Amino acid sequence: MIPLGDYLVFGALLFSIGLFGALRRENAITILMSIELMLNAVNVNLVAFSRYLPGAALSGQIFAIFIITVAAAEAAVGLAVILVIARRRRTVDINEVRTLHD
């Protein structure tokens, strides 16, 4: 059985990679994928806590399913916005697309 600390370290590492990608990348699609990575890190921690903490039998899994649902909606809306911007401006670089008008 894998100890709880290993899951937490894995979640923190995954979150750190996602945070680094969201802050350092200039491609909007890569930033969106980095945000999804951070949400999945939260899911790993929630499921690990629900497995190891007494009295939290299904609450972690329920929260994880809720976050997966929100992440799917966020990805759909985010990709739609990026697609419209890419069609109008011919780029997904956030440095070239700083305003939403035009």
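Predicted model: local features only at pLDDT ≥ 70, side-chain atom pairs only at ≥ 80, totals over all residues.
Residues are numbered from 1 along each chain as its sequence is written, and side-chain values use heavy atoms, with hydrogens and water left out.

**Overall build**

- The secondary structure of the chain comes to three helices and zero strands; helices (H or I, at least four residues) and strands (E, at least two) are DSSP runs, numbered from the N terminus.
- Read from the N terminus on, the elements run α-α-α.
- The C-alpha trace spans about 55 × 25 × 15 Å along the principal axes of the chain.
- The chain has a radius of gyration of 17 Å, whereas a compact globule of 102 residues would have one near 13 Å. This radius is taken over C-alpha atoms, and the globule rule is 2.2 Å times the number of residues to the power 0.38.
- Of the 102 residues, 25% count as buried. Here, buried means under 20% relative accessible area, exposed means over 50%, and partly exposed is in between (1.4 Å probe, protein chains only).

**The start of the chain**

- Ile-2 counts as partly exposed because its relative accessibility is 45%.
- Ile-2 and Ala-48 are 46 residues apart in sequence, and their C-alpha atoms are 9.9 Å apart in space.

**An aromatic pair and a charge over a ring**

- A search of the whole structure finds one aromatic pair. Rings of Phe, Tyr and Trp (its six-membered ring) pair if their centres lie within 6.5 Å; planes under 30 degrees apart count as stacked, over 60 as edge-to-face and the rest as tilted.
- The partners are Tyr-7 and Tyr-52, and their pair is tilted, with 6.1 Å centre to centre and 50° between the planes.
- This pair links distant parts of the chain: Tyr-7 is in helix α1 and Tyr-52 is in helix α2, 45 residues apart.
- Tyr-7 has 29% relative accessibility, so Tyr-7 counts as partly exposed. Tyr-52 is also partly exposed, with a relative accessible area of 24%.
- Tyr-52 has another contact to look for: the charged end of Arg-51 sits over the ring of Tyr-52, 5.9 Å from its centre. A charge sits over a ring if NZ of Lys or CZ of Arg is within 6 Å of the ring centre and within 35 degrees of the ring normal.

**A nonpolar patch on the surface**

- Phe-15, Leu-19, Leu-23 and Val-42 form a nonpolar patch on the surface, and together they have about 340 Å² of accessible area.
- Patches are made of residues with over 30% relative accessible area and no salt bridge; like charges are joined within 9 Å, and nonpolar side chains (Val, Leu, Ile, Met, Phe, Trp, Tyr) within 5 Å.
- A salt bridge is a side-chain nitrogen of Lys or Arg within 4 Å of a carboxyl oxygen of Asp or Glu. Accessible areas come from the Shrake-Rupley method with a 1.4 Å probe; for residues, only the protein chains shown count as cover.
- Helix α1 (residues 4-24) gives the patch its largest share, three residues.
- Val-42 is found in helix α2 (residues 28-52), and its relative accessible area of 31% makes Val-42 partly exposed.

**Along helix α2**

- Ile-29 lies in helix α2 and counts as partly exposed, because its relative accessibility is 36%.
- Ala-41 lies in helix α2, but Ala-41 has 1% relative accessibility and so counts as buried.
- From Ile-29 to Ala-41 there are 12 residues in sequence and 19 Å in space, C-alpha to C-alpha.
- From Ala-41 to Arg-51 there are 10 residues in sequence and 16 Å in space, again C-alpha to C-alpha.

**Helix α3 and the segment after it**

- Arg-87 lies in helix α3 and counts as exposed, because its relative accessibility is 60%.
- Arg-87 and Asn-27 are 60 residues apart in sequence and 15 Å apart in space, C-alpha to C-alpha.
- Arg-90 lies in the segment after α3 (59-89), and its relative accessible area of 72% makes Arg-90 exposed.
- Arg-90 has a positive phi of about 65°, although Arg-90 is not a glycine.
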